[in-house]
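Here are some friendly notes to read alongside the model. Have a look at the structure first, and then go through the points below.

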Amino acid sequence: MTMIYTYDGSTSSCNLTSAATLNACDQFYYFKQTLKQAGWTVTKSSDGSTVNASGDRITGYATGSAGLNNSGAWYVLQAPGAVTGATRQLCVQRTSTGAYSFTVTYSYSAGFVATAGTATVAPTATDSQTFASCAFSTSATYRFSIGADNASPYGFYMFAFPTGGGNPYSCLVMDPLAAGTYNSLDVDPYILYAPGLTSNSGQTSPLLYTGITAETAGPYSFYKKGLSGEGFVLTIGQKYSSASRVVIPTAVGANPYSSKDNVFPIAYLRRSALAAPNGWKGIGTLMKWIGTSRTTGDTLSISATGAKDYIVVSSNVALPWNGSTPTV
Amino acid sequence: MTMIYTYDGSTSSCNLTMVTLANVAEIMYYFKRTLVQAGWTVIKSGDGTVGGYSSSGDIFSSTPATGYGSGTTGLNNGSAWYVLRAPGSVAGATRQLCVQRNATLSYAFSIDYSYSAGFVTGGAYATKPTASDSLAILPASCFLYSATTYRFSIGADNASPYGFYMFMFPINGGSPVCGLVMDPLTSGTYDSADVDPYIFYMPSAGTGAVPPSPFLTAGLTSEALLTGPTSLYKKGLAGETFITTPGLSYSSDTATSIPSLMLVNPYSSKDETYPIMYARGSALAQPGFKGVGSMMKWIGQSGRSTGDTLSVASTGAKDYIVVGNIALPWNGSTPTV
C-alpha cells in the first residue's frame, strides 16, 4: 500500500492536506485528480456542455467550459486493475440541485457503457448501484482531505469537516476488506460508505460510530455478488462492548504496554433479524475505530512514535495519514 | 495445533469425550492426565495421606478409579495437590500450575499459576508448594460445581502456546456449570511487550454454587472478578496486575449481533465462529486492550445449545463444540450429551 493524498495536479509530494473548500465541486475535482494519481483512469466525462467520450474533459472545479461546477457535469473513473476478477468503475455527477450536491454510482464490472451519456445525463451501467447522492458540503467553511491506495485493492477515502474542527460533514469511502476475513466466494469484498441518498440533504452521522453502526443509514456492500440472493444492502459496522459499557470505539484508552495510540478493526455484518441477505461480511482495512476519544484533525502515531500515520476524522474513526500535521 | 482430548490413560486415540462425572476429583484427575498427554509434566505432588508425597513426579495412580478416588495415590483426599509444568517456554517463560483439593470439601479445588518462578518452595503430602510469583487464578475456597448428573470434557493443545480448556454441563444438555480455560492470545493481536499473552477463564461463585454464567455472554463479558475472564496486565512492567479482562461482544446501534444472533455464512452456508477481543474500558482502573483469544470463539447462530457441534473448516468436520455462547475446538466426533 502506498497512499496518495489530496493531489492538486501541481504538487509532486501528493500530500496536500485539508484544502479550504469552495463547494463540493472542488472536493470532487481533487477526488478525481487524486484517484488518477493513484492509477485510476477517467474513461469519459462531461463539463455539462460538452462530452469527452474517451477521456477527461474536466480541468478545474469552477463553472464554465471544462469546469466541474456545471449542472449535470460528470466523469467516470475506472480502477487501475481487476480485483477478484472485476475492474470497478465510479460515475460522479454534479446534480442540478447545486454545487454542493453530487451523485456517485458504482459499477462492479459492467462499466458505464449501457448508455453513452450526454452533456448533462451521466452514462449508465447494467450493474450500477447508487453509492451516494447528497450534499458533500454547503459553503466555504469546510476543509477536506482525500487518500487513495495506488496498490490493489485500490481503496480510497474522502472526508470534509468544518474549518477549525468538529465532526465531519460528509465522507466517501471504498474500504477493501482484509484478506482472510471474508468468504472466498465473495467477489466484491468492499464496504462502500457515504451515508446520504437525498440529493439536497447532508449525510447521516458520517464517520461517527452512530453512523457506521447504524442499521438504517450506515455503510453498504454487495452480499453474494453473482450468486443467488445477491443484494446491495446496508452492512453494519460493529462496536465492541463488555457487559457494562461500549469499549471500542473511544473508550479503551492507550495501549497499556507502549502507551501509544491504538486503532482497531471494524467488523461488518448483518445480524439474523435483518432481511436477507445477511450474515458476516468481513473486516475493513481503511477505516479504523480509535481507542481514545479524540477530535477531527488529531493525528495518531501507531507504527512508531511521531509517525502520525493515522488522522482522526471524527471522535470515533481514524484513516491512514501521511505523517504531516494537518491544517484544521 | 494438535488438540488432545479427555484422556483416561487407557485409550490410544486420546479422544474420549464426555466422561460421566463421579466427583470433582475425577475432573481434575483427567485434567492432569490430559495435560500430561499434551506434553505437560507433573513435577511434584502430594496425595494428602501421610507419606504420600513425591518431590519429583506424579504420585497419583494411573488407574483412574484409584487416581481420582480417596485413599493412597488418590486425588480425592483433603489437600491433595499436584504441580504441572508446561511443555516448553512461551514468550520467555515456562509456566506452572498448582492444583489442590480443598482440605474438607471434595468438590472444592484451587489453582495457582506461576509465570516463571515455579513452585519450588516447600511441599508436603498435604501442603502445596509455593512460588514467588504465584497467582490464584482459581482462588482458594473457589469451587467447581458438584453433582453426579454432569458431564465434562477437556482439550489441551500439545503445541506452543499450550492452551487448554475444561467445561462441564448437565447430562442431556443445558447451560454449562463450570469451566477452566487458559486461552492463548492470537499472535499479532497483543503488544510485543506483553510477555504473558493469555486469558484465564475460571469463573467461581463459592461453595457448591454454579459460577455466574459460565461460557455465556453475560459471564464472558463481565467486568466482575470471579465472573469474567482474567489476565496479567503489564507482566514485568510498572503497573503489573492480575485483573478482570472482559471479552467483548459485537453490536450495531440497535442490537447485539455476536454472539448468537447471526446466521450461517451467507456464501458457504457453513457454520462460523468469531474471535473474542479482550479489553478493559477506560472507565475502569488499568484500562487497555489485551488481545484476541485463539481457543474460545463466539458462536454466530442462534438456536445452538451446549453439545452441538459446528463444522467450520469443512462440511461435516465437527471441529468445534458449542458450550453456552462460545465454541471450543473439537475432535470431529459426535459428543455424548
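Which residue in S5(B) does B:Gly46 stand opposite? The residue is B:Trp81.

A word on conventions: residues are numbered from 1 along each chain as its sequence is written, while chains are lettered from A and ligands numbered from 1 in the order in which they are written. Please keep in mind that this is a predicted model, where local features need pLDDT of at least 70 and side-chain atom pairs count only at pLDDT 80 or more, whereas totals for chains, interfaces and linings use all residues.

1. Strand S5 of chain B (residues 81-85) has a partner on each of the following strands, where pairing takes at least two DSSP bridges. Strand S3 of chain B (residues 41-46) runs antiparallel to S5(B), with 5 bridges. Strand S6 of chain B (residues 96-101) is also antiparallel to S5(B), again through 5 bridges, and B:Arg85 has B:Gln96 as its bridge partner there. Strands here are DSSP runs of E, at least two residues long, numbered from the N terminus.

2. S5(B) is mostly covered, with 4 of its 5 residues buried (20 or more other C-beta atoms within 10 Å of the residue's own, C-beta atoms being placed from the backbone).

3. Between the chains, 39 residues of chain A are in contact with 39 residues of chain B (C-beta atoms, placed from the backbone, within 7 Å). S16(A) gives the largest share of chain A's side, 3 residues.

Methods:
Two residues are in contact if their C-beta atoms, placed from the backbone, lie within 7 Å. A residue is buried if 20 or more other C-beta atoms lie within 10 Å of its own, exposed if 12 or fewer, and partly exposed in between; C-beta atoms are placed from the backbone.
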